[in-house]
Amino acid sequence: MVTAKVLLENGFDVTVFDKYRQVGGIWSSEGCYDGLANQSALRIFEFADLPNRLHFAGAVDTQRYLEEYAETFGVLDRVRPGTEVVSLRPVEGPGRVGAAGWSVGSRPTGDEAADVRRETFDYVVVASGAHHHAQLPELSGRELFRGTVLHSNEVRAGTFTGRRVVVVGGGKSALDLITRAAREAASATLVQRKVNWMIPERLPLGLVGYKWILFTRLGEALLPRYHDPACVRPIDRVDERVKRALWWLITRDMPLSSGLYRLPRQLRPAHPLPFHLAHAGVMPRGYVRAVRRGLVAAKVSAVEAYTDNGLRLTTGEEVAADVVVFATGHRRVFPFLDPSVRVHGDDGRLRLYRGIVPPGADRLAFVGLRQVFNNIWAWNSPRTG
């Protein structure tokens with residue numbers, strides 16, 4: 001939406017294809033698991049040209065704000081809702097790939113029998129997000145398990161009610177969902193390979209909002225320095241001994257403020273900060289309490305295979321389940337993109353100049369995929385869940 005707004009301001013004739021009926025991507029009712037909440041404190045999740053009062057807001061309020069943004073800046077009128085792009089290929093012409101424009105094929109979302117509408121555009125921006133294509137582990141024995149297997153994105157109201165639920169994963173969405181299962185399910189089991197850091201809403205000792213500790217110029221200066229000296233500010237040159245001391249204090253405070261110190265040692269992060277901040281989220285309310293009350297059985301292990309009654313872990317233990325939810329992340333893939341346009345390296349990672357432009361193609365850009373650890377905003381991307 002921001003891309004469309006900027007292009008409109010600069011005189012482009014813009015068309016936005018959105019496969020959901022609501023704008024907002026993962027914040028729309030079709031794009032997120034039921035109960036997804038924004039993990040951003042006041043004034044963090046907002047655009048500078050449209051401030052809001054969102055504070056750990058739910059998905060409904062977050063989507064409403066994004067729709068207001070699109071309407072305010074004339075983007076909503078340019079959106080084709082419920083329209084899925086199924087192909088994107090360069091128009092044949094002299095010169096480099098895409099120099100003559102791009103052919104976009106689209107059809108109503110979910111209607112595979114519908115005719116594909118093909119249109120030509122001078123420029124294309126792919127802003128389809130990083131949290132739509134589920135990443136599921138390949139486990140043996142799937143044919144044995146007669147229960148329900150879902151990715152976290154597919155959880156809807158009523159999914160857990162009265163059923164034995166196993167959630168696999170250790171990130172924010174996994175903790176969100178297992179906390180919900182503790183309230184609704186017959187049993188709730190969390191399986192995670194490692195315990196990630198979870199940031200409490202308030203630091204230190206629960207007294208000050210986390211943004212005043214971590215989302216400040218000093219907090220950003222505590223992260224590893226950026227490789228380009230031109231981007232290194234005077235405050236980034238804080239003595240390394242001072243940085244280590246401050247991280248030591250933060251590392252000691254986080255378990256206290258989040259409540260993790262009340263859990264068994266194996267359910268606390270094993271590695272010091274800051275290097276695992278890249279996997280952190282804001283601690284869901286109620287998770288620690290649910291574990292302490294025995295409403296959540298938390299296990300630190302990998303999953304080995306399905307069984308006829310649930311899952312077998314690498315420890316040899318079997319976990320019974322009616323519903324298995326994999327909160328195991330997403331793949332950054334673009335199934336509609338013509339294979340001739342190469343955007344991934346041999347290692348499967350995206351290879352884009354400045355995280356935006358594919359070197360082998362003209363008039364094509366990718367927006368919303370650029371994340372670097374040195375930028376403290378990167379690990380607060382609102383997925384996040």
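1. Let us start with K243 and its surroundings. Leaving aside neighbours within four places in sequence, K243 is in contact with A221, L222, L223, R225, D236 and V238; contact here means heavy atoms within 4.5 Å. K243 lies in helix α6. Helices (H or I, at least four residues) and strands (E, at least two) are DSSP runs, numbered from the N terminus. Is K243 buried or exposed? K243 is buried, because its relative accessible area is 4%, and the scale calls a residue buried under 20% relative accessible area, exposed over 50%, and partly exposed in between (1.4 Å probe, protein chains only).

2. A word on what you are looking at. This is a predicted model in which local features need pLDDT of at least 70 and side-chain atom pairs count only at pLDDT 80 or more, while totals for chains, interfaces and linings use all residues. Residues are numbered from 1 along each chain as its sequence is written, and side-chain values use heavy atoms, with hydrogens and water left out.

3. How confident is the predictor? pLDDT is its confidence in each residue, from 0 to 100. The chain has a mean pLDDT of 91, and 96% of its residues reach 70 or more. Please look with care at residues 374–385, where pLDDT stays under 50; the model has 44 contacts beyond four places in sequence for this stretch. Where pLDDT is low, the predicted coordinates should not be read in detail.

4. Now to the nonpolar core, a set of buried Ala, Val, Leu, Ile, Met, Phe, Trp, Tyr and Cys residues joined through side-chain atoms within 4.5 Å. The largest such core has 40 residues, and those with the most contacts inside it are F160, V167, I178, L190, Y287 and V296. At least two core residues come from each of α2, β9 (164–168), α3 (172–184), β10 (187–192), α7 (287–292) and β19. Which element gives the largest share? That is α3, with six residues.

5. The aromatic rings deserve a tour of their own. A pair of aromatic rings is described by the distance of the centres and the angle of the planes. Rings of Phe, Tyr and Trp (its six-membered ring) pair if their centres lie within 6.5 Å; planes under 30 degrees apart count as stacked, over 60 as edge-to-face and the rest as tilted. By this rule the structure has 12 aromatic pairs. Why is the pair of W27 and F45 edge-to-face? Their ring centres are 5.9 Å apart and their planes stand at 80°, so the pair falls in that class. The pair links distant parts of the chain, with W27 and F45 18 residues apart, both in the loop between β1 (16–18) and α2 (59–72). W27 is buried at a relative accessible area of 5%, and F45 is buried too, at 12%.

6. F334 and F336 form an edge-to-face pair, 6.3 Å centre to centre with 65° between the planes, and both residues are buried. F47, Y65, Y69 and F73 form one aromatic cluster. The charged end of K5 sits over the ring of F73, 4.7 Å from its centre. Likewise, the charged end of R142 sits over the ring of Y306, 5.5 Å from its centre. The rule for this asks that NZ of Lys or CZ of Arg be within 6 Å of the ring centre and within 35 degrees of the ring normal.

7. Finally, check the backbone. A cis peptide bond joins L203 and P204, with omega about -25°, and P204 is in the loop between β12 (202–203) and β13 (208–209). Another cis peptide bond joins L273 and P274, with omega about 15°; P274 is in the loop between α6 (240–258) and β14 (281–282). F56, a residue other than glycine, has a positive phi near 50° and is buried, with a relative accessible area of 16%. R354 also has a positive phi, near 55°, but R354 is exposed, with a relative accessible area of 60%.

Note on methods: pLDDT is the predictor's confidence in each residue, from 0 to 100.
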